[in-house]
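Colleague: I have some questions about how the labels on this model were assigned. Could you take me through them one at a time?

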Amino acid sequence: KPNDDGTWRFRKIMAHREPKNKKDTWKVLVEWESGERSWEPIKNIFTGDRYILAEYARDHGLLDKWDSPKMKIKKAAKNSKNLLRMINQAKLRSHRTTPVYKNGHKVPRNHQQAMDLDRINNNTNWADAELLEKNQLFQYETFDDRGHRSSNRAPDGYKKINLHFVYDVKHDGRHKARVVAGGHLTETPLESIYSGVVSLRGIRIVTFIAELNDLDVWQTDIGNAYLEAYTNEKVYVIAGPEFGELEGHIFVIRKALYGLKTSSIRWHERFSQVLRSMKFVPSHAEPDIWMRDMGDHYEYIATYVDDLTIASKNPQAIIDALEAKPNNFK
């Protein structure tokens, strides 16, 4: 059935069927995102995404049979370039408006939907998730608050971008909200913007060496890793309604916020400095495997962005060092 706003979400039209009698109508076999298939009248598909229907009619010689003053299938299929563009827009609109469920919970697509779901469900799950994320951002001093835009202005040379929440529900029912910057609005840097990642072969080598040398292998990650690094990008945002009483304030972004194009490499540089301060050096064969000489053996840390595989006789000591000052990783 159609969504509340009249849009349909389906993978593709599989086949078509002619009317059996005068009361019957043309129908198409639709494959939905769920994997299910059903026969639907073409007028229903036309209501949501006429350009996808027009594409199918054009490819199967049905334009004359399906065209009508109301549907205007021929007109939709006339311009091939415009048809392709509108098909892509229809698919994107369907993707943006179709409800998403995860682990039994409906996942919002924006702040307003999150608040609406809280009211419908008579709880504060999404509001609490947003509050937790915002508190962490302010704890890490992610923004430089320049005051309300009505009486203040952004610094010269800084580009305005936007922020939005990305929502998720974990397998245990925890509601998560993450603030992501609109890095697509910024220029692509000339420098490399990617954080190094250890290869699968590298993980196997570390595990094999650990077994040979009687080392313990631990797996951990760095919480809010990107916020541990500063960004070089000159960008700011205008706080939206999700920031409550701070709505309309000018936030200059100081930290390597998720979504910025250079955040990954900034975090990689930051963590590399910390490992070097702890006397680790990168392997020549695999630069994302870090080694430390302990006299009678080596310790190893394999890094995959913010995920760590530690091979050591005392991995807890390494974790304690990462959590202690001045690192303060969590």
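Modeller: Start with R58 and D59, whose side chains form a salt bridge, with 3.3 Å between the closest N and O atoms. First, the ground rules. This is a predicted model, where local features need pLDDT of at least 70 and side-chain atom pairs count only at pLDDT 80 or more, while totals for chains, interfaces and linings use all residues. Residues are numbered from 1 along each chain as its sequence is written, and side-chain values use heavy atoms, with hydrogens and water left out.

Colleague: Why is the contact of R58 with D59 called a salt bridge?

Modeller: The term requires a side-chain nitrogen of Lys or Arg within 4 Å of a carboxyl oxygen of Asp or Glu. R58 and D59 have their closest N and O atoms 3.3 Å apart, so the pair qualifies. By this rule the count comes to eleven salt bridges.

Colleague: What makes R58 partly exposed?

Modeller: Buried means under 20% relative accessible area, exposed means over 50%, and partly exposed is in between (1.4 Å probe, protein chains only). R58 has 35%, so it is partly exposed.

Colleague: How do you know that K102 and D168 form a salt bridge?

Modeller: Their closest N and O atoms are 2.8 Å apart. That meets the rule, so the pair counts. This pair links distant parts of the chain: K102 is in strand β4 (residues 100-102) and D168 in strand β8, 66 residues apart. Helices (H or I, at least four residues) and strands (E, at least two) are DSSP runs, numbered from the N terminus.

Colleague: Are K102 and D168 buried or partly exposed?

Modeller: K102 has a relative accessible area of 37%, so it is partly exposed. D168 has 19%, so it counts as buried.

Colleague: What makes K102, D168 and K170 a network?

Modeller: Salt bridges link these residues. D168 also meets K170, at 3.6 Å from N to O. K170 has 31% relative accessibility, so it counts as partly exposed.

Colleague: Which residues have the most contacts inside the largest nonpolar core?

Modeller: They are F143, L163, I253 and L257, in a core of 26 residues. β8 gives the most to this core, with four residues. A nonpolar core is a set of buried Ala, Val, Leu, Ile, Met, Phe, Trp, Tyr and Cys residues joined through side-chain atoms within 4.5 Å. In soluble globular proteins, nonpolar side chains tend to be buried together.

Colleague: Where do D214 and N224 lie, and is each buried or exposed?

Modeller: D214 is in the loop between α7 (200-212) and β10 (216-221). At 63% relative accessibility, D214 counts as exposed. N224 lies in the loop between β10 and β11. At 13%, N224 counts as buried.

Colleague: Which peptide bond is cis?

Modeller: The bond from K325 to P326 is cis, with omega near 5°. P326 lies in the segment after α9 (315-323).
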